[in-house]
Amino acid sequence: MSLSPYVPIVGLFALAAAFALFSVVIAPFVGPRRYNKAKLDAYECGIEPTPQPIGGGRFPVKFYLTAMLFIVFDIEIIFLYPWAVSFDRLGIFGFVEMVLFIGTVFIAYAYVWRRGGLDWD
């Protein structure tokens, strides 16, 4: 068994790691050193940050719902790519299964839309 087909991949990873390490090490030496209060503050879309209560603040449930929706539709896309690549070999069975999968996701999308989960108040 020859490992020669993997040499370019290992070389690419080594080159990427060397570039990342070089960038992190050299940045403090070549970067600008003009610090001020505005640069050291946390940035919140141009709004002055408000002090948070001890133990952290409470996030609205909308944030978590948006994250879950993103995950649902992201997983759908992850399943669509391999299906599209091997569509020829799957035949009618693969087509029917994907139609069922997309139909299920569409039902979830319609439910969320109807319940107002896509409205950002």
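Is phenylalanine 101 buried, partly exposed or exposed, judged by its relative accessible area? Phenylalanine 101 is partly exposed, with a relative accessible area of 24%, where buried means under 20%, exposed means over 50% and partly exposed lies in between, using a 1.4 Å probe and protein chains only. The model is predicted, so that local features need pLDDT of at least 70 and side-chain atom pairs count only at pLDDT 80 or more, while totals for chains, interfaces and linings use all residues. Residues are numbered from 1 along each chain as its sequence is written, and side-chain values use heavy atoms, with hydrogens and water left out.

**View 1. The overall fold.** The protein has four helices and zero strands, where helices (H or I, at least four residues) and strands (E, at least two) are DSSP runs numbered from the N terminus. Of the 121 residues in the protein, 8% are buried.

**View 2. The pair of phenylalanine 79 and phenylalanine 101.** This is an aromatic pair, meaning that rings of Phe, Tyr and Trp (its six-membered ring) have centres within 6.5 Å, with planes under 30 degrees apart counted as stacked, over 60 as edge-to-face and the rest as tilted. The structure holds six aromatic pairs. In phenylalanine 79 and phenylalanine 101 the ring centres are 5.4 Å apart and the planes stand at 80°, so the pair is edge-to-face. Because phenylalanine 79 lies in helix 3 (residues 61-85) and phenylalanine 101 in helix 4 (residues 87-115), the pair ties together parts that are 22 residues apart in sequence. Phenylalanine 79, at 44% relative accessibility, counts as partly exposed.

**View 3. The pair of tyrosine 109 and tryptophan 113.** The rings of tyrosine 109 and tryptophan 113 form a tilted aromatic pair, 5.8 Å from centre to centre and with 40° between the planes. Both residues lie in helix 4, four residues apart, which is about one turn of the helix. Tyrosine 109 is partly exposed at 31% relative accessibility, whereas tryptophan 113 is exposed at 55%. Together with Phe73 and Phe106, these two residues form one aromatic cluster.

**View 4. The lining of the largest pocket.** A pocket is found on a 1 Å grid over the protein atoms alone, as an open set of points where a 1.4 Å probe fits, with protein on both sides within 12 Å along at least five of seven lines, and lining residues have an atom within 4 Å of a point. Lining residues of the largest pocket include Lys62, Leu65, Tyr111 and Arg115. Helix 3 gives the most to this lining, with five residues.
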